[in-house]
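Please look over the sequence and the fold before reading on.

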Amino acid sequence: MNRVLLLCLIIVSAAGQRTVPNAHGATIASLACTKDGSVLATASWDKTAKIWDRKTLQPTQTLRGHTDWLRAIDISQDGKLALTGSDDTTARLWDATTGELLQTLTGHTRGVYAVAISPDKTKLATGSDDWTVRIWNAADGSLVHTMEGHTDAVNTVVFTQNGQTVLSGSADRHVKFWNVNSGADEGTAYGNRDQVLGVSLSNDGTKFTTAGPDGWRVFDVAGRKEVRKVAKDPHGWYRQARWTPDGSSIMTISDDKTVRVWKGDGVTKEEQGHAEWPLGLCVFSDWTAATAGDDKSIRFWKIPH
């Protein structure tokens with residue numbers, strides 16, 4: 001049992017925005033959440049992950065067991081399972097409600113940079129600095145497929161809504177599509193001029209975004225073709241680009257410590273608050289968002305609509 005009794009300080013700005021400072025003891029490398037935003041999960045270089053109640057902004061569990069930096073985290077949409085990836089070359093599946101370790105996934109030969117839980121919670125996906133994507137059975141932690149095809153580190157993985165396909169974004173600049181059942185390579189999306197740090201599917205599953213040092217882009221899923229590009233300008237590396245709840249705008253985080261909302265070709269909202277790079281972004285169905293990153297804090301934002 002890893003229940004946390006220590007309460008975290010919450011700061012409320014004049015604009016009503018809430019911040020949890022020092023949510024971890026080191027950089028928060030990854031942030032995940034349920035779609036309604038009731039439960040959040042963070043993974044940190046302090047070698048721990050935490051599960052958070054959004055209403056109280058207090059951690060309900062601290063997940064310990066990894067022996068090196070955590071790089072990635074995902075949480076199931078019912079908030080009951082959490083999956084973590086670490087530089088210790090393992091991924092771990094946890095009961096997010098009790099903190100119990102359910103499975104340890106071993107087989108990657110370098111750090112695990114990306115993790116995802118399938119919508120039905122039966123399959124897990126991991127991406128690694130060993131250039132592979134792997135599919136696992138959630139029930140027993142057994143390896144289902146090892147997919148090879150990337151030529152550099154895999155930074156992000158995401159399941160489609162039907163759970164039949166995994167998209168992987170890599171430092172090799174490409175996004176690949178993998179069949180979850182067969183492990184087959186179903187195609188590659190080209191267009192990025194630098195590594196892909198984040199991939200996010202639209203709410204209807206017809207498009208996806210990429211984010212990286214060269215800006216952010218929108219691609220068509222069916223044709224694997226780029227349909228929109230925003231160059232980095234002076235904003236530094238883009239870490240994430242996610243759709244707003246109605247799909248009309250894109251929310252981004254970048255290394256200039258800024259959160260932006262884009263509609264059409266322009267920025268409709270631009271805010272700063274992080275003292276260092278934001279690395280994780282969640283968008284909630286109630287038109288709010290959360291970010292976390294290098295300054296060890298979690299911040300909440302209102303999305304204009």
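Two strands are said to pair if DSSP finds at least two bridges between them. Helices (H or I, at least four residues) and strands (E, at least two) are themselves DSSP runs, numbered from the N terminus. This is a predicted model, in which local features need pLDDT of at least 70 and side-chain atom pairs count only at pLDDT 80 or more, while totals for chains, interfaces and linings use all residues. Residues are numbered from 1 along each chain as its sequence is written, and side-chain values use heavy atoms, with hydrogens and water left out.

By these rules the chain has 0 helices and 29 strands. Val-175 sits opposite Ala-189 of β18. The two strands make a hairpin with 5 residues between them, and Gly-183 in the turn has a positive phi of about 80 degrees.

With β8 (residues 81-86) it pairs in the antiparallel sense over 5 bridges, and Leu-83 stands opposite Leu-93 of β9. This hairpin has 4 residues between its strands, with Thr-89 in the turn at a positive phi of about 80 degrees. With β10 (residues 101-105), β9 pairs in the antiparallel sense over 4 bridges; here Leu-93 stands opposite Gln-103. The β9-β10 hairpin has 5 residues between its strands, and Gly-99 in the turn has a positive phi of about 85 degrees.

How many of the residues of β9 are buried? The count is 5 of 5, where buried means under 20% relative accessible area, exposed over 50%, and partly exposed in between (1.4 Å probe, protein chains only). In a regular strand the side chains alternate between the two faces of the sheet. In β9, Ala-91, Leu-93 and Asp-95 point one way and Arg-92 and Trp-94 the other.

Next come the nonpolar cores. A nonpolar core is a set of buried Ala, Val, Leu, Ile, Met, Phe, Trp, Tyr and Cys residues joined through side-chain atoms within 4.5 Å. The largest has 14 residues, and Leu-40, Phe-284, Ile-298 and Phe-300 have the most contacts inside it. Two or more residues each come from β3 (28-33), β28 (288-293) and β29 (298-302); β3 gives the most, with 3 residues. Contact means heavy atoms within 4.5 Å. Beyond four places in sequence, Leu-40 touches residues including Leu-31, Trp-52, Phe-284, Ala-290, Ile-298 and Phe-300. Apart from this core lies another, of 13 residues, among them Ala-32, Val-39, Leu-63 and Leu-70.

Thr-27 lies in the loop between β2 (18-20) and β3. Thr-27 counts as buried because its relative accessible area is 8%. Its side chain makes a polar contact of 2.4 Å with that of Asp-294. A polar contact is a pair of N or O atoms within 3.5 Å; within protein, one must be able to donate a hydrogen and the other to accept it, and residues adjacent in sequence count only if both atoms are side-chain atoms.

Finally, the chain as a whole. Of its 305 residues, 58% count as buried. Its C-alpha atoms fill a box of roughly 50 × 50 × 30 Å, taken along the principal axes. Among contacts between residues at least 6 apart in sequence, 42% join residues at least 24 apart.
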